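Please read the report below alongside the sequence and the structure, which are shown first.

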Amino acid sequence: MTVQPDQLANLTLSLLSSIALLAVISLGLAVLFGMMGVINLAHGEFLMLGAFFTLTGVRHGLNLWVAMVLAALAVGAIGVVVERLLIQHLYGRMPATMLATWGLSLILVQVVVLIYGPASNGIPTPLGSIRIGDYSVSEYSLVLVGAAVLLLGLTYLVLTRTRYGTMARAAVMLPDMAAAVGVDVRRTNMLTFGFGSALAGAGGALLAPITAVVPSMGQTYVGRAFMTVVVGGPGVVAGTASAAGLLGGVNSLVSNLTTSVLGTAALLVVAIVILRFLPTGISGYWERKR
Amino acid sequence: MMSTNNRTLSGSVAPIWHRLRKHVPVEIPGAVAVTLAGAVLATTVAPFRALDWSLWVIFGLLALSFTFVWGRAGIFSFGQTAFFGIGAYAYGVLGIDLFPQTGETTTALVAAVVIAAVVAATLGYFIFYGNVGDVYVSIITLAFTLVLLTFMSSTADPSYHIGQALLGGYNGIVGVPPLMLPGGGQMVSPNGLLFTCVAVAAFIGFGIHLLLRRPFGRILAGLRENELRTELLGYDVRRYKLVAFTIGGAIAGLAGGLFAAWGTSVNPNVFSLPQAALVPIWVLVGGRRSLLGAFVGVAIVQGVSDALGGGGGSATPIVLGTLLIAVVVLLPEGVLPTLSALARRFVPALGRASVAAGPAGRTGSPLGDSVIDDSVIDDTVIGGESRKATSITAVDVHKRFGGVAALAGASLEVAPNGVHCLIGPNGAGKSTFFNMLAGRYRPTSGTVLLGDEQITLRRPDERARRGIGIKLQVPSLYGELTAFENVWLAAYGAKRDIGEADVRARGALAWLHLSEKARQPAGELSHGERQWLEIGMVMASDPKVVLLDEPTAGMTREETMRVVELIHDLARTATVIVVEHDMEFVRQLGAPVTMFHEGRIFTSGSIEQLRADERVLDIYLGRGTSHAAH
């Protein structure tokens, strides 16, 4: 069997969009974990909220892309409120943070069920499709790839090139010292949590056109998001990009060759095997080598 | 003939009873009693109630597995739900496939336990032998659960089947046979199921209780309290964690198998987050250390949840979520423990009663009336049939951290017996050298020998088992365990014999003059006493080589004097290496001194010789640094 150029292009694209999907659903989680050491078990529900806000915006006649941006900002605002009310009391208490955000996730799902009902909603996938040889490819998957690059780039710039980013990294490394040199650690943590939440919201917004928007959609994605973050390690951008590349690649290849069920299984197995040898993830390994 | 027998019998009843009490653990009559109570209960309640309560007992087993893994072994695992689900699916599949052949499903239930245990062991191997951090353990187990959810949800296609059992996607496996005992193919009635569940739970619960009373339980407590210390005492912490995790997985799998038999179906919801969230809620309500609390927590939460309108009530997740947050934020110790503490505070009589019923004579001497004199200490702790002191040698050891060379070719041979001091200014490499001997760092190049044996790449626990006793700079004890348990764990790590560990631990406490405080939690001792206790732990482990890193940090002058005596005692049977800043202390030890500078051995000699050496003063005072001797 020879591989035709169009087939190759199609495979490459499906590989890239699989990677992009993992990156957009994981980035928000990676910011909270890498920057604050917070494991947000409500991450899946933040994704879900992003999707529902996008849905609401579109139903009220907003342009899809505008609705997506607004949805991300709205989830960011919710993140700030959550940090003020709940998370700030639990810094440094890892199991407590996990359990509390877990409780939050149960509440959020049920609140959305009460508002929207448990049934599935959807947004028609925008844009058309393009033909590559014998294959037709949805243009939206190209958008997804572009959005992943954009969000990773944005995160990189925010964390390394802004005053806030410098303060946020300082507040993570040595909170007391950062406070002593005038960083408002409370405010910085609040902003970081809001930023991470907004990224999660953006991920959810990007999912809205390609998946069934249901209150329970969070747990469909959050497992993969956690695997990506764990394999990526503490480096937010480099970790997410590399882990999404690896796991998304494996998932896509195995799915294309066999079935999507085995693709999911392969992702899990590869992630666990990698952690056996790189216990602090890919970016943790790089950091130690450096 | 008859009468003789009778007489013998009656005459020997008392001794037999005595011997039974001595050799049959109290857990067995306990489990039998609970099983009998379960039998009485199962024959009296209505079948629908029996079904309800069976489910509670099954959930109680699941909660128990989490109490064991988290509350006792300190592993915060979300995976209990996963193993529960795996057990349920395994029972479902094997029940459907095997029942037509065998006419019973106990094989399927046993297989469910085995499969869940094997999966737990496999996952645990990758987690614990990869030295993944605690945080990652939680995330990996959670992600594992959720990926299983996704995986099982996408098996709707009829091509996904194992034997006759269709996996069924969201709908799961239907038509799972209920529990059938071998023999008649007789279906177990609801009341019979309740009895079975109570009996199983009783034996598992008391079995865990028995296990925790054994050395294994103490080692798990040590692991939970202070993993590093446990490793330095010669325990392979990875193995103990793996065993605990596997036992927890097996129990959860058993609960899952019973759950599938109870509901005669299984669907991917067993892997869902709301289901997974129930487990810590139960355990937090019942108290996270309490084995019984696991079952009480289930009864309370499920009872309240049923009262709120059954499992399907629309407000239930909100109530559960709020409960979870409230418990975590307001009552981190758990609901029942907090309530019982409150009750004790407000009803003083309760408090007194529980103190009286508590550990006998917390304040009295735990050693009974036996006076331990110095000769006994000499026999059991210091001298005895002790191992021979051994030399320890480092040859051309280098250690680089990124671009920094902390050690640049350090070589040192310390002869058997006696004390040897390592000194040097900050950054000279002595701490790195110490950690290299202790096995906490692996050298970039070079070799470390214990006697004639290469130990360069040995882990700290392997070195400890070969006879290296280590006390780190930062006090590292088991704060919640008693002083006795602290030294006992040290002794057992070296000897692996309960009797001998008891004797050595008592001897070590007597040696430290801490026998009076044997039952106090180590965390409540004074700073100096904690430092001594750690030296006592080193002594109790009967070492050939002792490594002490700044043993007198933060001590008063009198406390330091006592440490000098203790070190001289240690040096009678072991090679002692002390890293120290305090020159006065080094002088009192009167031992040969080796000075580190810039990652190498700079010079060796007596403390007087070094004090007279201009170059040593230069280094300490920072006057010119170009004196590197070789």
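B:Arg218 counts as partly exposed, because its relative accessibility is 25%. In this predicted model, B:Arg218 forms a salt bridge with B:Glu485, and the closest N and O atoms of the two are 3.8 Å apart. Since B:Arg218 lies in helix H8 (residues 215-225) of chain B and B:Glu485 in helix H19 (residues 483-495) of chain B, the pair ties together parts that are 267 residues apart in sequence.

Over all chains, the structure holds 21 salt bridges. Side chains of opposite charge can pair when their charged atoms come close.

## A network around B:Asp461

One network of salt bridges links B:Asp236, B:Arg238, B:Arg458, B:Arg459, B:Asp461, B:Glu462 and B:Arg465.

B:Arg465 and B:Asp461 are four residues apart in helix H18 (residues 460-465) of chain B, so about one helical turn separates them.

## Aromatic rings

A search of the whole structure finds 23 aromatic pairs over all chains. One of them joins B:Phe66 and B:Phe76 in an edge-to-face arrangement, with 6.1 Å from centre to centre and 70° between the planes. Because B:Phe66 lies in helix H3 (residues 47-72) of chain B and B:Phe76 in the loop between H3 and helix H4 (80-102) of chain B, this pair ties together parts that are 10 residues apart in sequence.

B:Phe76 also pairs with B:Trp70: their ring centres are 5.0 Å apart and their planes stand at 85°, so this pair, too, is edge-to-face. B:Phe66 and B:Phe76 are both buried, with B:Phe76 at 7% relative accessibility, and B:Trp70 counts as buried at 8%.

## Positive phi angles

Most residues other than glycine have a negative phi. B:His513, although not a glycine, has a positive phi of about 60°; B:His513 is found in the loop between helix H20 (498-511) and helix H21 (527-540) of chain B, and is exposed, with a relative accessible area of 58%.

B:Glu598 likewise has a positive phi, near 50°. B:Glu598 lies in the loop between strand E13 (593-597) and strand E14 (600-605) of chain B and counts as partly exposed, at 41% relative accessibility.

## Cysteines

How many disulfides does the structure hold over all chains? The number is zero. Among the cysteines, B:Cys197 is buried with a relative accessible area of 1%, and B:Cys421 counts as buried at 0% relative accessibility.

## Surface patch and domains

On chain A, the residues A:Leu62, A:Val66, A:Val69, A:Leu70 and A:Leu73 make a nonpolar surface patch of about 430 Å². One of these residues, A:Leu70, is found in helix H3 (residues 64-85) of chain A and is partly exposed, with a relative accessible area of 44%.

For chain B, the domain assignment gives domain 1 (24-271), domain 2 (273-358) and domain 3 (389-467 + 543-621). The centres of domain 2 and domain 3 of chain B, taken over C-alpha atoms, are separated by 51 Å.

Key. Residues numbered from 1 in each chain as written. Chains lettered and ligands numbered in written order. Predicted model: local features only at pLDDT ≥ 70, side-chain atom pairs only at ≥ 80, totals over all residues. Heavy atoms only, no water. Domains from an automatic or database assignment. Patch = residues over 30% accessible without salt bridge, like charges linked within 9 Å, V, L, I, M, F, W, Y side chains within 5 Å. Areas by Shrake-Rupley, 256 points an atom, 1.4 Å probe, with all protein chains shown as cover. Salt bridge = Lys/Arg side-chain N within 4 Å of Asp/Glu carboxyl O. Helix = DSSP H or I, 4+ residues; strand = E, 2+ residues; numbered from the N terminus. Buried < 20%, exposed > 50% of the residue type's maximum accessible area, 1.4 Å probe, protein only. Disulfide = S-S within 2.5 Å. Phe/Tyr/Trp six-rings, centres within 6.5 Å; stacked < 30°, edge-to-face > 60°.
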